[in-house]
Amino acid sequence: MMVKTFKKSEWTGAVAALSGGYRVMAPVRSGEVVNFDWLENGATPDFEAKKTRLSPKQALFPQSERMFAYTLKTDDPEAGILKPVPKADSPQAVVGIRPCDAKAITLVARNFDTDEYKDPYWVSRRDNTTLIGLGCNKPGSTCFCTSVGTGPFDQSALDVLVYDLGETMMAKALTQKGEAALSKMGGVDAKAEEQSAGDTLAAEATAKVKANVPSDKLAGLSQTELFDAPFWDEVAAGCLNCGACTYSCPTCWCFDIQDEVKKGEGDRIRNWDACMSPLFTKHASGHNPRDTKSKRVRQRFMHKLKYYVDRYHDGVLCVGCGRCIDACPVNIDIRRVFELMNAYQK
Ligand code: SF4
Ligand code: SF4
């Protein structure tokens with residue numbers, strides 16, 4: 001597979017060269033906040049930022065998305081008929097995605113792309129997306145990716161992995177999709193010593209992730225006993241139900257579908273939603289099966305660390321990015337909940 005290097009000063013130009021064949025998303029700074037955004041609006045990418053506030057899940061699962069349009073005007077013969085809204089399904093590239101966020105896409109696929117059900121919007125975008133990842137030289141203090149089956153230079157979910165070697169950026173194609181994208185970016189063939197420096201960098205960065213978050217006993221525990229565990233009220237005590245943890249999480253996939261009508265013209269829209277919101281489970285009857293914040297916080301952690309574990313038998317629904325820890329205004333820390341759940345004995 002192709003491995004190319006670029007002078008650091010040429011990297012942004014190499015990314016810009018992709019725009020001939022791809023819609024490109026990359027980290028973009030706005031004041032103190034860095035988030036992924038499409039570069040077509042003239043934004044300048046920032047590849048120095050350590051962690052974006054939100055994950056780049058919006059590349060496949062936009063925060064808000066029109067699905068259908070319709071008219072309710074009674075003099076229109078097509079009144080009330082849902083019409084699909086045209087979608088941009090051209091190739092797109094997410095440049096600078098971190099390996100944990102790419103890994104999250106493979107977990108989220110279990111919701112959107114199954115044998116029984118395929119979400120056409122998500123699947124189409126996934127098929128059209130090339131993931132050009134950037135390894136994490138300096139994992140953050142809240143990162144615990146190595147505890148949950150991924151890591152700062154994990155290649156498993158990427159099409160290209162980029163190493164920031166200081167003066168140069170080295171890009172290694174990992175798939176055919178990655179090779180096709182990399183071939184548009186220029187660069188020169190990487191030397192053996194550069195590839196060796198990349199391997200050393202990856203090993204050192206992996207060793208820097210200090211957190212050792214336990215999950216080894218989760219599969220063997222009883223769902224009902226964990227559900228009834230006495231610690232949920234204490235875990236949830238400070239929660240504001242703000243949803244920052246869920247919206248910032250690369251593995252949270254919940255959404256709500258609403259109809260918005262203005263002057264007789266309607267749109268059916270899908271929006272991110274959050275299990276931390278009291279409205280999320282409120283029935284039309286007014287009954288709410290998760291009517292307390294303790295029940296909602298329990299649901300979030302039980303889904304990630306127990307229901308998912310029992311259903312798929314290959315780990316937790318979390319890639320250890322630490323964003324929910326960074327975002328929570330009352331310092332609710334999923335690493336502590338891992339410990340509480342993993343160690344629980346009735
Ligand atoms: S639960 Fe928290 S640490 Fe895990 S993937 Fe989501 S935001 Fe990251
Ligand atoms: S970010 Fe913290 S306070 Fe907000 S909903 Fe999540 S756990 Fe609750």
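Biologist: In which strand should I look for Q92, and is Q92 buried or exposed?

Modeller: Q92 has its place in strand β6; helices (H or I, at least four residues) and strands (E, at least two) are DSSP runs, numbered from the N terminus. The residue is buried, with a relative accessible area of 5%, where buried means under 20%, exposed over 50% and partly exposed in between, using a 1.4 Å probe and protein chains only. This is a predicted model, in which local features need pLDDT of at least 70 and side-chain atom pairs count only at pLDDT 80 or more, while totals for chains, interfaces and linings use all residues. Residues are numbered from 1 along each chain as its sequence is written, chains are lettered from A and ligands numbered from 1 in the order in which they are written, and side-chain values use heavy atoms, with hydrogens and water left out.

Biologist: Which residues does Q92 touch, leaving aside those up to four places away in sequence?

Modeller: Contact means heavy atoms within 4.5 Å. On that basis, and not counting residues up to four places away in sequence, Q92 touches Y22, R23, W38, A59, L60, R125, N128, T129 and T130.

Biologist: How should I read the sheet of 8 strands, and in what order do they come?

Modeller: Two strands pair if DSSP finds at least two bridges between them. Here the 8 strands form an open sheet with mixed pairing, in the order β3-β2-β6-β7-β8-β9-β1-β10. β3 and β10 (188-189) stand at the edges with a single partner strand each, so one side of each has no neighbour in the sheet.

Biologist: How does β8 pair with β7 and with β9?

Modeller: With β7 (residues 129-134) the pairing is parallel, over 3 bridges, and in β8 the partner of G133 is L161, while that of I132 is V160. With β9 the pairing is antiparallel, over 5 bridges; these two strands form a hairpin with 3 residues between them, and G166 in the turn has a positive phi of about 100°. V160, V162 and D164 point one way from β8, L161 and Y163 point the other way, and all are buried.

Biologist: Which residues of the largest nonpolar core touch the most other members?

Modeller: In soluble globular proteins, nonpolar side chains tend to be buried together. A nonpolar core is a set of buried Ala, Val, Leu, Ile, Met, Phe, Trp, Tyr and Cys residues joined through side-chain atoms within 4.5 Å. The largest core here has 36 residues, of which V94, I97, W122, L131, F153 and Y163 touch the most other members. Among the elements that each supply at least two of its residues are β6 (92-97), α2 (99-112) and α5 (192-208), and α2 gives the most to this core, with 8 residues. Apart from this core lies another, of 31 residues, including L218, W232, I334 and V337.

Biologist: Which residues are closest to ligand 1, and how do the residues of the shell around ligand 2 divide by class?

Modeller: A residue is near a molecule if one of its heavy atoms lies within 4 Å of it. Ligand 1 is surrounded by 13 residues, the closest being C249, C318, C321, G322 and C324. For the classes, Ala, Val, Leu, Ile, Met, Phe, Trp, Tyr, Cys and Pro count as nonpolar, Asp, Glu, Lys and Arg as charged, and the others, Gly among them, as polar. The shell around ligand 1 has 8 nonpolar, 3 polar and 2 charged residues, and the shell around ligand 2 has 10 nonpolar, 2 polar and no charged residues. Among the residues around ligand 2 are C239, C242, C245 and C328.
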